[in-house]
Structure formats: C-alpha cells, structure tokens
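Hi there,

Here is the structure I promised to pass on. Have a look at it, and then read on for what turned up.

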Amino acid sequence: MTGAGSSTVVTGIGRLVTCAGPDGDVPVTDRSVPAAERLGVREDAAVVLEAGAVAWVGPAGDAPAADRRVDVGGRAVVPGFVDSHSHLVHAGDRSAEFAARMAGEPYDGGGIGVSVAATRAASDDELRGLLAERVVAARALGTTTLEVKSGYGLTVEDEARALRLAGEVTAETTFLGAHVVPPEARADRGSYVDLVTGPMLAACAPHARWVDVFCEPNSPHAFTGEESRAVLVAGRDAGLGLRVHGNQLGPGPGARLAVELGAAAVDHCTFLSDDDVAALVDAADTTVATLLPGVEFSTRMPYPNARRLLDAGASVALASDCNPGTCNTSSMPFVLALAVRELRMTAAEALVAATVGGARALRREDVGRVAVGSRADLAVLEAPSHEHLAYRPGMPLARALDL
Ligand SMILES: N=CN[C@@H](CCC(=O)O)C(=O)O
Ligand SMILES: [Zn+2]
C-alpha cells in the first residue's frame, strides 16, 4: 500500500480491466450492457495510486509523474477480487468428512459441530495465526477485500471473540451465531434462538457490520424460515446489515426472506423456484444472489443455475465461501474457473461477479473496480488477459499488488 502522500505509477499494463464505466467513476452494473463491454478494458495502460486510492487511470504514455514506478511488464491487471463470503475464523480439520462425502455421504451441516468444538478449544493466538495465514493465502491469489464471518463459537463469548479477531483483518465482519443449533441446545432450539437474538447479539453487534443466518429447512441443524426471520429482524434492529445463507440444500424460504427484508445478499442460491428468481430480479438493486460454486465442487451437490439468474436480470456475485466443511479454498481464480466451466458464465461475467458483484453484495462502491477514488486494490495476472483465469484453472495467475 502506498504511504500517505507518496504516489506510485503502475505501468506496463498490457491489458487493464477496470470493471468501471467509460468515464471510470461508477461501477458498471447496467445489466442491459453485455458484460464484455462493461469490463472497461484499456490496452497499454497505467494507474497512479496515492494515499491508498486510485488517483489516475489512462494510457501509459500519458501517465503523470509519480514518486515510484512499478512496471508489470505487459501483464494484465484487474480489480482485486472482492470475496463477500468466507468463514475464516475456525480451527480443526474435517478432511475425513470430505472423504466421506466423496464416498457418497451427503452434506447436511452436521459437521459444523466438529469445527465448533475445535474452535472453542483454540486459543486466541491460535485462531489469530490461522486467520492471518488464510488472509495471506487469499491475497496471494488476488483477493483484496474479504468478508469474514463468525459461526464456529456459538456461545456469547466465543462468537464475540471470533468477531474481534475478524475485525483485526477486515471491516466486513459478519455475526453468524445462527450458523447451526449447537449440540447442547438441540433439545430446546427456541432457547438458542433467544440466546442468539438476545445476549449473543448484544455482545457481538459492536464488532459486526452484518448479521447472517443459515436458513435451511433441509438441514435439522440449521434454521427454519421463521427462526431466520427472528434472527435477521433482531440484527437489523441492532443496526446490522443483513446476509442470508439460503436455498443451499433444497428449496426453501431463504431467497424470498432476504428480498423481503432487504438483505444485501442471499448466498448459495442453488435450489431456486421461478418465484425466487423473479423476486431476485425485482430486487436486483437491493439483494445480490451470490453463487459459491466451490461448495458444489466439494459437496457434489448440483451447481446453481447462473445463466437463469443472469439472463433474467438478477444481480449476481461470486465468492469463495472458504470454510472447513463445504469449500476449504479461498482461491477466487478457482471459483472463476468453476463459474465458467460449470455455471456457463463467460469469463467477463465471472470477473464482474467476482469484483463489482462482490462489492455490491457488501454495498461497497470503493472496491471491485479500478477507477479514480476507488481503493488501490489491484490484482496482477501472470497472463495477458482475464480469460486465462478460466483457461488455466488451478494455476497461480493472480496476486494482489502489494506496494
Ligand atoms: N451452510 C452453511 N455454512 C457453510 C458451511 C459451514 C461448514 O460446513 O463448516 C456454507 O456456507 O456452506
Ligand atoms: Zn457460508
């Protein structure tokens, strides 16, 4: 990151994908314009960064003088990925659960209890160290904005601790005390919902920007539509923005509840009815449908239908959902490759969904694009264009530019 006052010109950019409009100052989310045209591509470009923000964008030959010069040697540059869904505060290992799933065992959320036990037993420093490693790994693959949830503590103290730790690495912290009903509360779910919406929310709200809930009638561990509504309304009343895990394991009320309550995003969106899609289209300026194809890769569930959402005009984001149970990777390049190969998104649509889409899912205007005034969050590709992110899956092509 450039220091206060000093400026850096990043030049030699063979292809700059700004994901911003022609005049650069607004994110282009006009879905009537084909995504490829919305990318705002500039050849032989340069960007000047100053005081943590983009100060200038244009042809390399016209770049103003700067204190420092970084030449990326003709490589492509895209906005740093905005990963709007991750569960990075956790301890423990569930590789055996993954192996069982690959042998045919379905996912139902029950394994979350394994992560809860390991996370409760971990010290602050252990969790802090694990979280730091995961943030470094995500940045090394091009992510510059990360949302980080709690959800593996499920007690007042452990959920507040998780959010304090998450707040050390990002402002996008999400209270997910309603991840599952913990084993000790299964005999009296209502008392747990009361705990989440009462003392736990009171302790966590000061450390969270968002509240989230695993709204999933197809799992005995997750929350019903009415329980989810209670959690979200309490979170909204406490001043938090709303996010929903919805329609992941089967048809359910999550997407419609997210739209009804004005949530910023409903994530998974694997099993959507026609009415769910219609509601998401009508609410495209408010509620983003976030797709998490790494989850279906790792659970062998059917992939969400991105084409149906995109072609209908819904607002779509892509995120990693990095977590120990359903998707233990924070690689946004991997997510983009899956989005193209399995969700039939174009490379342009996938890049927009992983940058501007993620920013919209966090209601951020200052990230997800390269435009004057946006954060100085660039990802340099070891490639001539963003198409290589899908063309060369699994390769370490993207890295966040650290100055
Ligand atoms: N489904 C709920 N939560 C995570 C999985 C958490 C876990 O299994 O540890 C998800 O988004 O897939
Ligand atoms: Zn999740």
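**Salt bridges**

R128 forms a salt bridge with D125, and their closest N and O atoms are 2.8 Å apart. By salt bridge I mean a side-chain nitrogen of Lys or Arg within 4 Å of a carboxyl oxygen of Asp or Glu. Before going further, please keep in mind that this is a predicted model: local features need pLDDT of at least 70, side-chain atom pairs count only at pLDDT 80 or more, and totals for chains, interfaces and linings use all residues. Residues are numbered from 1 along each chain as its sequence is written, chains are lettered from A and ligands numbered from 1 in the order in which they are written, and side-chain values use heavy atoms, with hydrogens and water left out.

Back to that pair: R128 and D125 are three residues apart in helix α4 (residues 124–139), so about one helical turn separates them. Helices here are DSSP runs (H or I, at least four residues), as are strands (E, at least two), and both are numbered from the N terminus. D125 is exposed, at 55% relative accessible area, while R128 is partly exposed, at 32%. The cut-offs are under 20% relative accessible area for buried and over 50% for exposed, with partly exposed in between (1.4 Å probe, protein chains only).

D402 is exposed, with a relative accessible area of 52%, and R139 is partly exposed at 27%. There is also a network: E172, R209, R364 and D366 are joined by salt bridges that share partners.

E97 and R94 make a further salt bridge, with 2.7 Å between the closest N and O atoms. Here R94 counts as buried, because its relative accessibility is 7%. The structure holds 27 salt bridges.

**The two domains**

The domain assignment gives domain 1 (7–80 + 369–400) and domain 2 (82–330); such bounds come from an automatic or database assignment. Their centres, taken over C-alpha atoms, are 30 Å apart. Nine residues of domain 1 are in contact (heavy atoms within 4.5 Å) with 13 residues of domain 2.

How much area do domain 1 and domain 2 bury between them? It comes to about 740 Å², 48% of it on carbon and sulfur atoms. Buried area is the accessible area (1.4 Å probe) that two parts lose on being put together, summed over both. The count of salt bridges between domain 1 and domain 2 is zero. On the side of domain 1 that touches domain 2, β15 (378–381) and β16 (398–400) each supply at least two residues, and β16 gives the most, with three.

**A buried threonine**

T18 lies in the loop between β1 (7–17) and α1 (35–38). Is T18 buried or exposed? It counts as buried, because its relative accessibility is 4%. A polar atom of the T18 side chain lies 2.8 Å from the backbone oxygen of G40. Leaving aside residues up to four places away in sequence, T18 touches L39, G40, R42, V57, P79, R369 and V370.

Best wishes

Conventions:
A polar contact is a pair of N or O atoms within 3.5 Å; within protein, one must be able to donate a hydrogen and the other to accept it, and residues adjacent in sequence count only if both atoms are side-chain atoms.
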